[in-house]
Amino acid sequence: MKGLLHVSSSPHARSKVTTDKIMFAVLLALAPAACVGVWNFGLRALLLIAISMAVCPLTEYLYEKGMKKPVTIADGSALVTGLLLAMNMPVQAPLWMPVIGGVFAILVVKQLFGGLGQNIMNPALAGRCFLLISFPGHMTNFAAPAAAHLVDTVSGATPLAAAKAGEQVNLLSMFLGNTTGTIGETSALALLIGGIFLVCIHVIDLNIPLIYIGTELLFALLFGGHGFDINFLGAHLLGGGLMLGAWFMATDYVTRPITKKGQYIYAVILGLLTGVFRIFGNSAEGVSYAIIFTNLLVPLIERVTVPVGFGRGGKKKA
């Protein structure tokens, strides 16, 4: 009986799932979309990915060494940040841009807030938004290099921008990836394969992606000005990074709510903001800013959705 009085501290439930295993799974899930991006845009896309994936772990290593903190690059989170940052960049971006974006994402957004688990917004998207605000010309230049394999990627606006302007777009090309856009957002099929893989191995669930996508499509249907236009709605579904954001960034463990009710609210807000930015904003895109802004609301969402402890709810009796 004496031994029963000594209980170890929580948590008592142990799991074999570790951070590095989760990050490795996310890297595997992103691989199909990254490969399609390299196939579409050529070796320059691969070079941008390699630079970004090298800069992010290096920045984390140098900061933690300099501050005499435990080095955490082995968990793979910096590699995921580097890959996501590169996949959110156009292939024509100068080679120094992933360096600046990677340093900002890791140093400012992640490490200065305390490292993995303490950042208040998704580091990769924060890095992309920083680059988009600082260098809008480079970040909105979607012209593909001469080595590209596909005629559709030579130059011009993204399909989502074309749909916003009232033009018809090729939905099959958007689904397969034969179109303009950032390195990792062009192929909805490849992103779906990666997202379903993460669902099947229980890294993420369907709640946030499906509610997010559904809310955005409903908003586009009601306020897009095109009615039930399959081409317009299809462009909203398949273009502009919605698939990349919904499956891989909105589901980030650190910056999403931990409560189920909070996740539902979070996903609805994401969809509404994305619709507002896309339809009423100057740009046809809105996923990045929607996720960043909603990340900042997560503490408030969790505060109002946290379950009431047993015996603490209800009104007090007179």
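Tutor: Buried means under 20% relative accessible area, exposed means over 50%, and partly exposed lies in between, with a 1.4 Å probe and protein chains only. This is a predicted model, in which local features need pLDDT of at least 70, side-chain atom pairs count only at pLDDT 80 or more, and totals for chains, interfaces and linings use all residues. Residues are numbered from 1 along each chain as its sequence is written, and side-chain values use heavy atoms, with hydrogens and water left out.

Rings of Phe, Tyr and Trp (its six-membered ring) pair if their centres lie within 6.5 Å; planes under 30 degrees apart count as stacked, over 60 as edge-to-face and the rest as tilted. Searching the whole structure gives four aromatic pairs. One of them is F104 with F130, a stacked pair with 4.1 Å from centre to centre and 5° between the planes. This pair links distant parts of the chain, 26 residues apart: F104 belongs to helix α4 (residues 97-110) and F130 to helix α5 (residues 123-134). Helices here are DSSP runs of H or I with at least four residues, numbered from the N terminus. F104 is partly exposed because its relative accessibility is 21%, and F130 is partly exposed because its value is 29%.

F219 and F280 have ring centres 6.2 Å apart and planes at 90°, so they form an edge-to-face pair. F219 is in helix α10 (residues 207-223) and F280 in helix α13 (residues 260-280), so the pair ties together parts 61 residues apart in sequence. F219 counts as buried because its relative accessibility is 10%, whereas F280, at 55%, counts as exposed. Together with F223, F219 and F280 form one aromatic cluster.

Technical notes. Helices (H or I, at least four residues) and strands (E, at least two) are DSSP runs, numbered from the N terminus.
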